[in-house]
Protein chains: 2
Amino acid sequence: MAILDKYTNSKKLYVAVDCIIFGFEDDKLRLLLTKRMFDPCKGCWSLMGGFVQEDENLDDAASRVLERLTGLTDVYLEQLYAYGDTDRDPGGRVISVAYYALICTQKLDKDAEDKYLAKWFPVDTYPSLVFDHPEMVDKAMKRLRRKSLIQPVGFELLSEKFTLTQLQKLYEAIHQRKLDKRNFRKQILSMDVLTRLEEKDKVNSKRGAWLYRFDKEKYDSLLESGEHFVMK
Amino acid sequence: MAILDKYTNSKKLYVAVDCIIFGFEDDKLRLLLTKRMFDPCKGCWSLMGGFVQEDENLDDAASRVLERLTGLTDVYLEQLYAYGDTDRDPGGRVISVAYYALICTQKLDKDAEDKYLAKWFPVDTYPSLVFDHPEMVDKAMKRLRRKSLIQPVGFELLSEKFTLTQLQKLYEAIHQRKLDKRNFRKQILSMDVLTRLEEKDKVNSKRGAWLYRFDKEKYDSLLESGEHFVMK
DNA sequence: TCAAAAGTGTTCAGCGTACACCCATGT
DNA sequence: ACATGGGTGTACGCTGAACACTTTTGA
């Protein structure tokens, strides 16, 4: 096939995806890591990854890898960066496209988790990781910090119903700093992207706190009106 | 080699880089495009690209492709995004990692430009491009807009010495809106990252305008003092 | 009754924004 | 003398940030 002349002169390379999986539990941002089940570095902590198949889009490969580990589909998943140093993987020349995912830990499939020897670690104290995976985690954290200020991605880490205190704790975990309760509430409520439900959460307080949910329609109206989602 | 068992079960793929090359001339932001010299889509306008070699880092591949077309090294070059839909290139399964470059058009190697049938186009009126290249250009524009507000990348598009008016015109071109002269000057000068030279540019005005240069050392001090580069 | 979390407004300073005129010089 | 681009300061409104007390209720 003449059409492929120029292409077939070049060498093909392995292409993989690796997933940085974020969760939120006990007021801490956490990472889901697995133990590598094959060499090189068998038994070491690693991001969950897999090779991209010939008939599979990059995004689909990332979804597949994520579903294999968590059992979850319809998860927030965003491409982070492509890592391609020749010596990044001692097992061979592998280009890895990193994705980060935000999941609600309550919805997790525990079986899959066990199967892949996976475990949650707080983002500020996770074990050493193989290859350039620490670099990936670092970049993912920075991306999440930036993104959470200008797009409503944080809600992906909470269950559908949440209290304002839980939401604040989440932002505090992502940005690793305390926020002022009154200012936080004023700001998030002023954007009018939440709907208050007719229910209270009595688990965390005797008095009970109103439950809210993120309202996609309100968010769309906000954007249509020329405003933006902004947290400070 | 047992170490590669898991890897050799997977198929390798072609990996390419494509470069979105920005320049600034006649108060307009411009794109350097080439005519494809081989099938598929021979003769169509395209971003400059090339395959990643087996012994070559991703970033190095992008630099090589950029140098081949422009003759320039030491250019601002940043990875943009990895494109990997199975049907993105009718010539075969190719993962493309897009990079964008900011170059000073005055330093351009005209010969290389001719050799690859390359041509500059204003970013608001460029011809149709092959594959998913329009999507790449769009993403690069957005990245440049965002980045230029929080990091001093714009200077990469100007020659070393420039007037404040030229700098303002550049920001206006990137953001496609008029800026207030007094506010613009106040803001850029208040950060103290420019050094005023003892020379004036008399090309664009009779009176002459002071020439400035971006001062890396001043910029580093700004960061050390906990401040940030911010343009609004 | 007490401990623990929920909920609620105001004040102030600093910044972003709008805005108009004089200057220098080459033709 | 005039046309062209260069250069400069102020006033105001809005927003971000700091800050403390009352309420509810289960134990």
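Me: Before anything else, what does buried mean here?
Reply: Buried means under 20% relative accessible area. The model is a predicted one.

Me: OK. Is A:Glu113 buried or exposed, and why?
Reply: A:Glu113 counts as buried because its relative accessibility is 8%, and the limit is under 20%.

Me: Where is A:Glu113 in chain A?
Reply: A:Glu113 sits in helix H3 of chain A, which covers residues 110-115.

Me: And which residues is A:Glu113 in contact with, leaving aside neighbours within four places in sequence?
Reply: A:Glu113 then has contacts with A:Leu32, A:Leu69, A:Leu108, A:Ala118 and A:Trp120.

Me: Switching to pockets. How much space lies in the largest pocket?
Reply: About 2000 Å³.

Me: How many residues line the largest pocket, and which lie nearest its centre?
Reply: The lining has 45 residues. Nearest the centre are A:Arg146 and A:Ile150 from chain A, with B:Arg146, B:Lys147 and B:Ile150 from chain B.

Me: Which elements each supply at least two residues of that lining?
Reply: From chain A, strand E5 (76-83), helix H4 (133-150) and helix H7 (216-224) do. From chain B, helix H2 (58-70), strand E5 (76-83), helix H4 (133-150) and helix H7 (216-224) do.

Me: Which one gives the largest share?
Reply: H4(A), with 10 residues of the lining.

Me: How do the lining residues divide into nonpolar, polar and charged?
Reply: There are 19 nonpolar, 7 polar and 19 charged residues in the lining of the largest pocket.

Me: Now the DNA. Which residues come nearest to DNA strand C?
Reply: A:Lys181, A:Lys186, A:Arg207, B:Arg207 and B:Lys232, out of 21 residues around DNA strand C.

Me: What does the side chain of A:Lys186 have next to a base oxygen, in Å?
Reply: An N or O atom in the side chain of A:Lys186 is 2.9 Å from a base oxygen of DNA strand C.

Me: And what about the backbone of A:Trp210 and B:Lys206?
Reply: A polar backbone atom of A:Trp210 is 3.0 Å from a phosphate oxygen of DNA strand C.

Me: Which elements give two or more residues to the surface near DNA strand C?
Reply: Helix H6 (181-190) and strand E9 (209-214) of chain A, along with helix H6 (181-190) of chain B. The largest share comes from H6(A), with 5 residues.

Me: How does that surface divide by residue type?
Reply: The surface near DNA strand C has 2 nonpolar, 6 polar and 13 charged residues.

Conventions. Residues numbered from 1 in each chain as written. Chains lettered and ligands numbered in written order. Predicted model: local features only at pLDDT ≥ 70, side-chain atom pairs only at ≥ 80, totals over all residues. Heavy atoms only, no water. Helix = DSSP H or I, 4+ residues; strand = E, 2+ residues; numbered from the N terminus. Buried < 20%, exposed > 50% of the residue type's maximum accessible area, 1.4 Å probe, protein only. Contact = heavy atoms within 4.5 Å. 1 Å grid on protein atoms, 1.4 Å probe; cavity = no way out; pocket = protein on both sides within 12 Å on 5 of 7 lines; lining within 4 Å. Points joined across faces, edges and corners; volume = space filled by probe spheres on them. Nonpolar A, V, L, I, M, F, W, Y, C, P; charged D, E, K, R; others polar. Near = heavy atom within 4 Å. Polar contact = N/O pair within 3.5 Å; in protein donor to acceptor, adjacent residues only side chain to side chain.
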